[in-house]
Amino acid sequence: MKAFVTGSSGFVGSSLVDVLNRKGVDVRCLLRKSSSREHLTQAKFEVVEGDLSSVETLEKALEGVDWIFHVAGVVAAKNKDGFFRSNVEGTKNLLQAAANVHQKRPFQKFVLVSSLAAAGPSRPDRPRREEDTCDPVSWYGESKRAAELEAIDYKGQIPLVVIRPPAVYGPRD
């Protein structure tokens, strides 16, 4: 089995690469030239240098993979545009590349790792429920929700799951 991971130099992504390695999965990581590999020193992986800006480059990177884990995301930016350029446009490019590749050689699953910020805070009187309307309160949350909506547009074209992990902490955080 082969997995493609974006965001593999980050906290969650590098931990995912470690787990995939332990399970015997071949891992291909999308890394920019400037990406730190500090948390990947013990990992085994194939590097694809690039970013989320080119559908064509992403299509080549996805060739032969069985699982796609889209963990990459901008968590701090100077303005709304900075969040949306990476978190929405980058996700849209990866989804398009995945849909193109899936037509030629189907893969098992595209996993979009979103954020609780996409939903927004819970009400004071009860925890959030899945059926609650999303109401993000930050540009980050708005961009992650917009990325989810982009992904949902592809649900008939690719096998897709969107997850919102709870607060994540641990080594490397």
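Good morning. The structure holds 0 disulfides, and the model under discussion is a predicted one. Cys29 is buried, at a relative accessible area of 0%. Cys134, at 22%, is partly exposed, because the limit for being buried is under 20%.

Let me turn to the interior. In soluble globular proteins, nonpolar side chains tend to be buried together. Here the largest nonpolar core has 22 residues. Which of them touch the most other members? They are Phe4, Leu62, Ile68, Leu94, Ala98, Phe110 and Ile158. At least two residues of this core come from each of α2 (55–62), α3 (80–104) and β5 (109–113). The largest share belongs to α3, which contributes 6 residues.

Beyond its neighbours within four places in sequence, Ile158 is in contact with Leu95, Ala98, Ala99, His102, Phe107 and Phe110. Another core lies apart from the largest one; it has 15 residues, including Val5, Val27, Leu40 and Ala43.

I come finally to the helix pair. Two packed helices are described by the angle between their axes and the distance between the axes. For α2 and α3, the angle is about 50° and the axes are 8 Å apart. This makes α2 oblique to α3, because the angle falls between the limits of 35 degrees for roughly parallel and 65 for roughly perpendicular. The crossing of α2 past α3 is right-handed.

Which residues of α2 meet α3? They are Val55, Leu58, Glu59 and Leu62. On the α3 side, the residues they meet are Asn93, Leu94, Gln96, Ala97, Ala98, Asn100, Val101 and Lys104. Thank you for your attention.

Key. Residues are numbered from 1 along each chain as its sequence is written. This is a predicted model: local features need pLDDT of at least 70, side-chain atom pairs count only at pLDDT 80 or more; totals for chains, interfaces and linings use all residues. Side-chain values use heavy atoms; hydrogens and water are left out. A nonpolar core is a set of buried Ala, Val, Leu, Ile, Met, Phe, Trp, Tyr and Cys residues joined through side-chain atoms within 4.5 Å. Buried means under 20% relative accessible area, exposed over 50%, partly exposed in between (1.4 Å probe, protein chains only). Helices (H or I, at least four residues) and strands (E, at least two) are DSSP runs, numbered from the N terminus. Contact means heavy atoms within 4.5 Å. A disulfide is a pair of cysteine sulfur atoms within 2.5 Å. Axes are lines fitted to C-alpha atoms, for helices over the stretch in contact, and angles run from 0 to 180 degrees between N-to-C directions. Angles under 35 degrees count as roughly parallel, over 145 as roughly antiparallel, 65 to 115 as roughly perpendicular and the rest as oblique. A crossing is left-handed if the near helix is turned anticlockwise from the far one by less than a right angle, and right-handed if clockwise.
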